[in-house]
Amino acid sequence: MKLRAKALYCKDCIRDRLYMALTQCPSCNKRISSKVKECPHCQFVLAGQSKEDMEREWLRLKQEKSDKLVSRSMLALLIAIAAFTYLFMQQPMPNTWQYGIAVGAMVGGVVWFLINRVQLLFLKKKKR
């Protein structure tokens, strides 16, 4: 039992753990060891990848995030427009639940749209 415990805490193992550099996976952006050949989270193969391949993967992920944010912002805008159209066409009486739902959906859609656009702005300004 003592031999096993000694093997687990040898000086070489401790030194390797203290000086292990952490880097970000270009595919999933999670922290990984710089010594691994493959990301344990997304299985992206790091061994043999050139700087250009890593940069290309980072740009692909950035574009994918940008596309998701644009889709969400369009959905938010669609919700706001639908709520405004309902208010304009049906003209529900104030202080009714229909009026409250329509105004809430319109305000919620506009706020969601603005939040997505600000996130998109920060994503575009983000550098590697």
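Buried residues are those under 20% relative accessible area, exposed ones are over 50%, and partly exposed ones lie in between (1.4 Å probe, protein chains only). The model is predicted, so local features need pLDDT of at least 70 and side-chain atom pairs count only at pLDDT 80 or more, while totals for chains, interfaces and linings use all residues. Residues are numbered from 1 along each chain as its sequence is written, and side-chain values use heavy atoms, leaving out hydrogens and water.

View 1. Helices are DSSP runs (H or I, at least four residues), numbered from the N terminus. Among the buried residues of α3 are Met54, Trp58, Leu61, Leu69 and Leu87. Their cover includes α4 (97-125). Gln91, with a positive phi near 45 degrees, follows α3.

**View 2. The aromatic pair Phe84 and Phe88.** Rings of Phe, Tyr and Trp (its six-membered ring) pair if their centres lie within 6.5 Å; planes under 30 degrees apart count as stacked, over 60 as edge-to-face and the rest as tilted. The count by this rule is 1 aromatic pair. Phe84 and Phe88 are stacked, at 6.4 Å centre to centre with 15 degrees between the planes. These two residues are 4 apart in helix α3, about one helical turn. Phe84 is partly exposed at 48% relative accessible area, and Phe88 is exposed at 57%.

Note on methods. Contact = heavy atoms within 4.5 Å.
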